[in-house]
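Hello,

Here is the structure I promised to pass on. Please open it first, then read my notes below.

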Amino acid sequence: MTDRVVVIGVGNEFRRDDGVGLRVLESLRPLVPDTVRLVVSDGEPVRLIEEWSDSDLAVVIDAVRAGALGTPAPGRTYRLEIEQVGGEPLAAVSSHGLGLGNAISLARTLDMLPNRLVVHAVEVADCGYGTGLTPAVAGAADTLTTAVLADLGIS
Amino acid sequence: MYVRVTDGQVEQVRLEIYEPPRFFEAFLRGRSYTEPPDITARICGICPVAYQTSACWAIESACGVALPPELGVLRRLLYCGEWISSHALHIYMLHAPDFLGYPGAVEMARDHREIVERGLALRRTANAIMATIGGRSVHPVNVRVGGFYRVPTRAELEPLADRLRTTLDLAVETVRWVAGFDFPDYSFDHELMSLHDPGRYPIERGSVVTSGGLEFAAAEFEQHVIEEQVPYSMALHARLADRAAGAVLGSGFYLTGPLARYSLNSRWLPPVAAESAHAAGLGDTCRNPFQSIVVRAVEVVCAVEEAIRLIEEYVPPAEPYIAVEPRAGTGHGVSEAPRGLLYHRYELDQAGMIVSARIVPPTSQNQGAIQDDLRGFVADRLDFDDERLTLACEQAIRNYDPCISCATHFLDLRMDRR
């Protein structure tokens, strides 16, 4: 396992499925050592960059609009790994308009990407006001918890 | 945004930019009086401290408790962090690219890396304030009704003061930088509203004043400001009751935010901020929304300067909070969020359960005035094609720093040319 590790959940627990990243953080909390920082983020790019710039490994969990990448399938997950050099930004992917895609582009310009950046994106169904996840997305949160543990080298 | 043009005349401009926090008002009903600072902080990730502060004032007032001055100092210090953070974000990431001809901060950073890094450095200091006083920089967890869960020692604040002294230079440089931009010659005549805290630039507390001479306490806010549902939008438009009464529809719009605060309180700026404003060519008032970037930069200097002073004079409070016992009643709270005046009202029952809540954020107050300004702005640019007009309108709206989740490329312009 690498030294400086941060897991960032992007989202808002009061916008239903948008809170999926936060749900994954809560599931991870009892399962990861104290050395792994678990960070809640509203997706604002400068804050994302500040959270990950000093990290060896950053794992980000974010929601994407259903159908953003083809036929809509709420709960479907995507894993993307962004290397320090090369790779395409996720401009169209994040559900937070000013969010992840911008943060990655800006960080790349300023040499403030982490050594390794893994992004897990979940297609969401309902981001209206309210709390709680729809069933498909709640299921995805469980799958993602396992996937993030694998990224961290914890099985 | 919807624009209807008939025979070359702008008939209607409708702006649907902001949903009021009605969900949160309903969500708060039936909850304990201790919960609003945490819950309402989730409404806005860029200004959680504003929500926490207005909520605390309102609940403390409902419970008949006055915050001791030594705890009020920390409330102001935490708020300074939020001003620096929010303003630096808007200046460097959203607004400056408009003036320098870049589509966004990423493109600007390619050519002006050191400038963007200065913006990030300002933000880091702001985050350090928020983390030291608020417990963390996103949705501070250390704030409670009656004060804080824990207050910092002098030793914990000392390194922050050192850092702020360096940051003051960056803040002054920021004013100098943005003052050199080209500003279109434009001026609005809306009434301006801000808090007023004699002797100090208003941040975390104050009574309400307007450029038209109104002056009232937080408790009288809803007598003076009425919110009206408009048919095309979820949003409510705020108007001044005193001006709207018996007058034509559309009158009574007013603006809150940096230009209002500055124009009504520039005489209370601390010395370095006052000097920066003067050097930037600002007068005692500023009614050009394009120049709001200069005013925001001056307010960053003000917040840094204030934070240094507050830390230098800091005496740790004996207790981190004062006990707030619930009682039946209604309380009102106001503070100056970075983008303008934020009003909260809570009605509590005897056991401290929330019976009703009302939140009036700055953007819903400004919406009517922004829309009014856009009408004139569009009328002068009817020869633009839709794409160019969208870009121009986005930039014009950005002057007001509206609270929207994605402020870079957000405008869905519908032109109805007849």
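Strands β6(B) and β7(B) (residues 215-216) pair in the antiparallel sense over two bridges. Two strands count as paired if DSSP finds at least two bridges between them. Helices (H or I, at least four residues) and strands (E, at least two) are DSSP runs, numbered from the N terminus. Opposite B:Val209 stands B:Glu215 in β7(B). The hairpin of β6(B) and β7(B) has four residues between the strands, and B:Gly213 there takes a positive phi near 95°.

This is a predicted model: local features need pLDDT of at least 70, side-chain atom pairs count only at pLDDT 80 or more, and totals for chains, interfaces and linings use all residues. Residues are numbered from 1 along each chain as its sequence is written, while chains are lettered from A and ligands numbered from 1 in the order in which they are written.

Back to β6(B), residues 207-210. Its side chains alternate. B:Val208 and B:Thr210 point to one face and are buried.

B:Leu195 has B:Val208 as its bridge partner. B:Ser194 has B:Val209.

The open sheet here has four strands in the order β7-β6-β5-β10 (chain B), with mixed pairing. β7 and β10 (254-256) of chain B are at the edges with a single partner strand each, so one side of each has no neighbour in the sheet. Helix α10(B) packs on this sheet and touches β5, β6 and β10 of chain B. The direction of α10(B) makes about 70° with that of β5(B). Contact means that the C-beta atoms of two residues, placed from the backbone, lie within 7 Å. Axes are lines fitted to C-alpha atoms, for helices over the stretch in contact, and angles run from 0 to 180 degrees between N-to-C directions.

What does α10(B) meet in α12(B)? B:Pro258, B:Leu259 and B:Tyr262 in α10(B) meet B:Ser292, B:Val295, B:Arg296 and B:Glu299 in α12(B). The axes of α10(B) (residues 258-265) and α12(B) (residues 292-312) come within 9 Å and cross at roughly 65°. The two helices are therefore roughly perpendicular, a label for angles of 65 to 115 degrees (under 35 is roughly parallel, over 145 roughly antiparallel, the rest oblique).

Chain B has another open sheet, of three strands in the order β11-β12-β13 with antiparallel pairing. β11 (329-337) and β13 (354-360) of chain B are its edges, each with a single partner strand, so one side of each lacks a neighbour in the sheet. The twist averages 10° from one strand to the next. Six bridges join β12(B) (residues 340-348) to β13(B). B:His344 has B:Ile359 as its bridge partner. Helix α13(B) (residues 362-379) packs on the sheet and touches β11, β12 and β13 of chain B.

Last, chain A. It has four helices and five strands, in the order β-α-β-α-β-β-α-β-α from the N terminus. Buried residues make up 49% of its 155 residues.

Best wishes

Notes: A residue is buried if 20 or more other C-beta atoms lie within 10 Å of its own, exposed if 12 or fewer, and partly exposed in between; C-beta atoms are placed from the backbone.
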